[in-house]
Amino acid sequence: MELRDYQWEVIVPALEGENIIIWLPTGAGKTRAAAYVCKRHLETRERAKVAMLVNRVHLVDQHYTQEFQALQDRFRVTPISSDSDQKFFFAKEVKLSDVVICTAKILQNALTSQDEDMHVELTDFSLLVIDECHHTHKDGVYNQIMEDYLERKLTGQRKLPQILGLTASPGTGGATSIQGAKQHILQICANLDTAKIMSSQKHRVHLQAQVPQPRKQYDVSHERPQDPLGRKLKETMAHIHQYLDVGSLPQDFGTQSYEQRIVELGKEGAQSFCRKKRTCALHLRKYNDALLINDTVRMIDAFNALDEFYQLEKATKVLQDPTERFLVSTFEEIKAALLALTSDPRYENPKLSKLEEILQEQFRTLDRSRGIIFTKTRQSAHALHKWIQESAKLARLDIKAAVLTGAGYSNQTKHMTPNEQQDVIKLFRKGDLNLLFSTSVAEEGLDIPECNIVVRYGLMTNEIAMVQARGRARAENSLYSVLAKANSKEVSRERLNETLEELTQRVIEEVQAMPEKKYRDTITALQRSAIISRKVKKAEGNQKRQLHDPDAVRLHCINCNVAVCHGSDLRTVEKMHHVNVNPDFKIYYNATSNNVGIPRNFKDWKPGGSISCANCGQAWGMEMIYRSVTLPILSIKNFVVATPDGNKHLKQWSRVTFTIEEFDYVEYCSRNLSM
Ligand SMILES: [Zn+2]
């Protein structure tokens, strides 16, 4: 395994057993440097065991087949993917392996699992490598793992694993001042118990020569000269406002701030059991989404999103409620007119013609171009893919495009399974695909040396995402394009990111230059205060969860407001899924006969049909087939929680103010069989 001079330079303290962060630009070969540290660690230390942690599923395979390949002739390296059943036997895999490569989530589950096939201790490892370690922050999974570490460290426990963090861009954590950014970097160092941030000093010039940066270009587009579709949507929204008749609603349709206000309004409606307010807010949000889509991609994509929503409403809801009937008929009235507008090329989105220009330029002149277009949502990634398939001009070029999105389950938009992701990445690596429309999933870590164009399509992100996305353009003479509307927030954010990138650099140098004792004292103080505030938070959380008697809490359907169960009917499975174990609950819901597809396996259960309110058709969640019994899993966002202190609409079960016990299969069976 060969290392470059600057790679040697940054790993020295790690070879001596110190905790460090390796800070090198994207494309400089951090993973290879880390793999080398792992190799030396395994060769020189007794009972050594390494966990290589990643934050994206597809990186497990990438590291296994690339930089960690070199270790496999002498050591047992095991990749553990989230869609394999191996994770259920994590403890055994760890015992048999020298190196495991897995997502942080899998390790975290194993650390907290009670199941002996899965459970491992942090001290089973002698080295943890944390890829993209700038995520070791706040409530992130990396930080949860490191909390366990710090708690052990501060209580004087020894034999803790060595920590090796890797990052190209720790970022400023939202700060725009030197002081704030420094605080952020020190906090990351404290979270990772880092002794030193290592960057290339002696070989910096060499490094810069080895890792070429892409040429950056701002491709600005202009507003649509005329936008009759947008105008029609806005008029309809104003009409719904009139029907709703609540004063002081903002009219800044098609913006994020309008979205926030309307989400709040929906919550107010839900908590006060005001069906009219909640329903209007829900539909206004869909119109607002359509405006945002109209601003990003084609008019037809905006139309389709809205039309699909109404088709689903008609297919699932009972539609007896006057508000629902008003809203459905309002859309029916404008539907044909909207659709007619979408086919008029005069009103098409100028961002798309800009993108077309860029692609024409790149794919005409360079015969072996390979590029990634980053976009915000899964929806827009699919819309852009459709656009390119239907574009006559681009059809003449040799573009073979596909979509790459996250594997996380969301019932709103299509997700990919980890296997599908792997397939797309493999085809792109081989060159059988040469263009990806991707969400942020491909931003970090994806290593394709031939990639020479990165377009950030109307994106507004922080400086870390900018640095990471830019780093995907690896080939010589690469192009990094920022495509956004002229004078938009996206453009000014990108400019700010450039400033923040420089700020990060300066601040890291300051931290590196701190006198050792001062640095250490600062880190220890930050660790202590993090532990204390976590304890306080935990105690508050526990107290909050016992505020109400589960018998005194009722759940109401969010749509029709009917009360359907008590808090005491609920149990948790794997501390995560919330099921109703009361057999009488059956009469309140309908279940579909086809099973919900979730791209993951579970140990004791599989998904059944989706369930909805028997009274109004509102989606509630899905069935869980747990060994021999079927239980409804409820999603808290589809209910209003009525407590003696008022109603709450919550997004997460962790926020409920009563205790929910863990499901006991044996007890459940014996109780229900004896009845
Ligand atoms: Zn209902």
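**Exercise 1.** Are cysteine 560 and cysteine 613 buried or exposed?

*Solution.* Keep in mind that this is a predicted model. Buried means under 20% relative accessible area. Cysteine 560 is buried, and cysteine 613 is too.

**Exercise 2.** Find the protein donors of the zinc ion and work out the geometry of its site.

*Solution.* Start with the donors: the SG atoms of Cys557, Cys560, Cys613 and Cys616 sit 2.3 to 2.4 Å from the zinc ion. Along the chain, these donors follow the spacing C-x2-C-x52-C-x2-C. Distant parts of the chain are linked by the pair cysteine 560 and cysteine 613, which are 53 residues apart. Cysteine 560 is in the loop between strand 14 (554-557) and strand 15 (563-566), while cysteine 613 belongs to strand 19 (residues 605-613). Now for the angles: the 4 donor atoms make angles of 106 to 113 degrees, and the site is tetrahedral. For four tetrahedral donors, the ideal angle is 109.5 degrees.

**Exercise 3.** Is isoleucine 587 buried or exposed?

*Solution.* First, locate isoleucine 587 in the loop between strand 17 (577-580) and strand 18 (589-595). Its relative accessible area is 66%, so isoleucine 587 is exposed. Together with Val562 and Tyr588, Ile587 makes a nonpolar surface patch of about 260 Å².

**Exercise 4.** Why does glutamine 360 count as buried?

*Solution.* Glutamine 360 has its place in helix 14 (residues 350-365). Glutamine 360 counts as buried because its relative accessibility is 17%, and the cut-off is under 20%. Leaving aside residues up to four places away in sequence, glutamine 360 touches Thr365, Lys393, Leu394 and Leu397.

Terms used. Residues are numbered from 1 along each chain as its sequence is written. This is a predicted model: local features need pLDDT of at least 70, side-chain atom pairs count only at pLDDT 80 or more; totals for chains, interfaces and linings use all residues. Side-chain values use heavy atoms; hydrogens and water are left out. Donors are N, O and S atoms within 2.8 Å of the metal (3.2 Å for Na, K and Ca); water is not among the atoms, so sites may look incomplete. Four donors count as tetrahedral if all angles lie between 85 and 135 degrees; four count as square planar and six as octahedral if opposite donors are over 155 degrees apart and all others between 65 and 115; anything else is irregular. Helices (H or I, at least four residues) and strands (E, at least two) are DSSP runs, numbered from the N terminus. Buried means under 20% relative accessible area, exposed over 50%, partly exposed in between (1.4 Å probe, protein chains only). Patches are made of residues with over 30% relative accessible area and no salt bridge: like charges are joined within 9 Å, nonpolar side chains (Val, Leu, Ile, Met, Phe, Trp, Tyr) within 5 Å. Accessible areas come from the Shrake-Rupley method with a 1.4 Å probe; for residues, only the protein chains shown count as cover. A salt bridge is a side-chain nitrogen of Lys or Arg within 4 Å of a carboxyl oxygen of Asp or Glu. Contact means heavy atoms within 4.5 Å.
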